[in-house]
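Reader: Please take me through the ring packing in this model, slowly and with the numbers. After that, go on to the cavities and whatever else deserves a close look.

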Amino acid sequence: MTQSVIGPGDRDLGIAYAKAGRRDRAEEMISKFDPVRELNSMRRCTHTYFRRYMLIETVLLAALIIGPFMPVLSVPAQSAAEFDIVLANGRVMDPESNLDAVRNIGIRAGKIAAISARPLRGRTVVDVKGLVVAPGFIDLHSHGQDDENYRYKARDGVTTALELEVGVSPVAAWYAQRDGKSLINFGATVGHIPAKMAVMKDTGAFLPRDNAINRLSTPDEVRQITDLIKQGLDEGALGIGFGINYVPTTTRAEVFDLFAVAAERGVANYVHVRHGGATEPGSGVGAVQEVLSDAAATGASLHIVHITSVCLRQTATCLSLIEGAAKRGVDVTTEAYPYTATQTRLESAIYNDGWQESLGITFKDLQWVATGERLTAETFARYRKEGGSVIGHSIPEEISRLAAANPRVMVASDGLIENRQGHPRGAGTFARVLGVYVREQKALSLMDAIRKMTLLPAQRLEKAVPSMRAKGRIKVGADADLAIFDPAIVIDRATFEQPAQYSEGIRHVLVGGIFVVRDEKIVEGVKPGKAVRRPLRDQKKL
Ligand SMILES: [Zn+2]
């Protein structure tokens, strides 16, 4: 940034270029022109008044001639400087400013350093003409937190994948495992479920299967769980994660008290609510009401995960509850994945007795992930004992579309791919919204879709996590996390039968100014992903 100020001769040359109609050269000269510095040096000269007169006259003349080229003056000293990377001629879409125009983006030191209608010079210049340049997608609900999953995420346009629902415990160790080793940015809440499983010595993997489901926590256990959650927040966790549905013996008081902890710490609760489906007592609507009242009474912020798979045919009612509460001052948001089926562990409490009535489906609507087969009463009983992942085809298409079209409902995957198996949402969520719901069904505008994938998730977090203010937008100073895609062809390829399929049409993806996807291929050997984390509590003491 030691751009030297050009001398009067060069300035005159710039004006001469402008007169001659050589706009490119004139802009280069004028962009280097720093009248304040020049004025200061002039003041040291003996013929002060004469030189000042000359300077002012020259500046006025330059302004007169260069006036039509003013846009370039808004990026002083940048159009001529070299950027690390220039993304040229893309259709830049920023949901915060609503910019939707052809622009050149200059990236320097991992940040967006210029957004210009004029050409920029860079050490690497990539022509992205005809492609949309959007902020990198932020997935608030990403269970897959390893290299296999980060690759599917990156190819789906995701630059930040966060485990906010189930969360993790202990928190510091989880971050340490990923620091410097991740393709994309990562982060997690401290999880009520993992804390509860540890304290109650549940034998389940990832989700509980015995003690944490079958019996109440003792008052002493609740104290230990609360201590683990507070410790996780001290270690920089992004909030508190809940899956009450998976630990249904958790009392309402236990949830309410933890919401109060979140309120005190200024973090949000990310919640899979107590029940799903339509059967009363125990409907999805009632479960949404429980956490809305906890948020209202404690002042805590609340994010309700996958609203469609919880509320099913009552999704419109649940969205009205959320919108009504938000209008009356409760800080509440929600999300959905764009699929007509759920996925979870068959041995979990969701498939306790009564599941068929509650979810409105039966054995044949369940698909065993390991083999792809549809279940029967007999295989259901056998696999539930063994334990494993199951897909439940329970969300009507019109409900999925309703949530996709709603500008308030964020896009989040709830994805997890393990050894190429899982739910297609782990690989295709974002491209599916862009391809199916924006392009094919015209259920929402492209800008609204981008907003639901970028700005809204960033805003959900930024009150508690200041670093998120630099994500989810395209503006000077923002992190150069970018998704560049072809809106005419972008589409998901992952299916229930073959979930491990990369999305198509996401051409380039950058994380912190580093290409992680280039020409629809993963760039091997780069690990630019950074931890998204709250400032550590004890940093003040250090
Ligand atoms: Zn989930």
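Author: What follows starts with the rings, moves on to the cavities, and ends with some backbone details.

One bit of housekeeping first. This is a predicted model, where local features need pLDDT of at least 70, side-chain atom pairs count only at pLDDT 80 or more, and totals for chains, interfaces and linings use all residues. Residues are numbered from 1 along each chain as its sequence is written, and side-chain values use heavy atoms, with hydrogens and water left out.

Now the rings. The structure holds 14 aromatic pairs (rings of Phe, Tyr and Trp, the last by its six-membered ring, pair if their centres lie within 6.5 Å; planes under 30 degrees apart count as stacked, over 60 as edge-to-face and the rest as tilted). One of them is Tyr-351 with Phe-380, an edge-to-face pair at 6.4 Å centre to centre and 75° between the planes. This pair links distant parts of the chain, 29 residues apart: Tyr-351 is in the loop between strand E13 (342–345) and helix H15 (355–359), while Phe-380 is in helix H16 (residues 377–386). (Helices, H or I with at least four residues, and strands, E with at least two, are DSSP runs numbered from the N terminus.) Both Tyr-351 and Phe-380 are buried, where buried means under 20% relative accessible area, exposed over 50% and partly exposed in between, with a 1.4 Å probe and protein chains only.

Then there's a stacked pair. The ring centres of Trp-368 and Tyr-383 are 4.2 Å apart with planes at 5°, so these two count as stacked. Trp-368 lies in strand E14 (residues 366–368) and Tyr-383 in helix H16, so the pair ties together parts 15 residues apart in sequence. Trp-368 is buried at 5% relative accessible area, and Tyr-383 is buried too, at 9%. Back with Tyr-351, ring pairs join Tyr-351, Trp-355, Phe-363 and Phe-380 into a cluster.

Rings also take part with charges here. Arg-432 lies over the face of Tyr-339, 5.0 Å from the ring centre, and the charged end of Arg-518 sits over the ring of Phe-515, 4.5 Å from its centre. (A charge sits over a ring if NZ of Lys or CZ of Arg is within 6 Å of the ring centre and within 35 degrees of the ring normal.)

On to the cavities. There are two of 30 Å³ or more. On a 1 Å grid over the protein atoms alone, a cavity is a set of points where a 1.4 Å probe fits but cannot get out, and lining residues have an atom within 4 Å of a point; grid points are joined across faces, edges and corners, and a volume is the space filled by probe spheres set on the points. The largest cavity holds about 60 Å³ of space. Its lining includes Ala-336, Tyr-337, Ser-400, Ala-403 and Lys-452, and helix H17 (397–405) and strand E16 (409–411) each supply at least two of the lining residues. Sorted by class, that lining has nine nonpolar, one polar and one charged residues (Ala, Val, Leu, Ile, Met, Phe, Trp, Tyr, Cys and Pro are nonpolar, Asp, Glu, Lys and Arg charged, and the others, Gly among them, polar).

Leaving aside neighbours within four places in sequence, Thr-308 is in contact (heavy atoms within 4.5 Å) with residues including Ala-336, Tyr-337, Ser-400 and Ala-403.

Last, the backbone. His-306, in the loop between strand E11 (301–304) and H13, has a positive phi of about 25° although it is not a glycine, and at 3% relative accessibility His-306 counts as buried. Asn-89 in strand E1 (residues 82–94) also has a positive phi, near 70°, but Asn-89 is partly exposed at 32%. A cis peptide bond joins Ser-169 and Pro-170, with omega about 0°, and the bond from Glu-280 to Pro-281 is cis with omega near -5°.

Notes:
1 Å grid on protein atoms, 1.4 Å probe; cavity = no way out; pocket = protein on both sides within 12 Å on 5 of 7 lines; lining within 4 Å.
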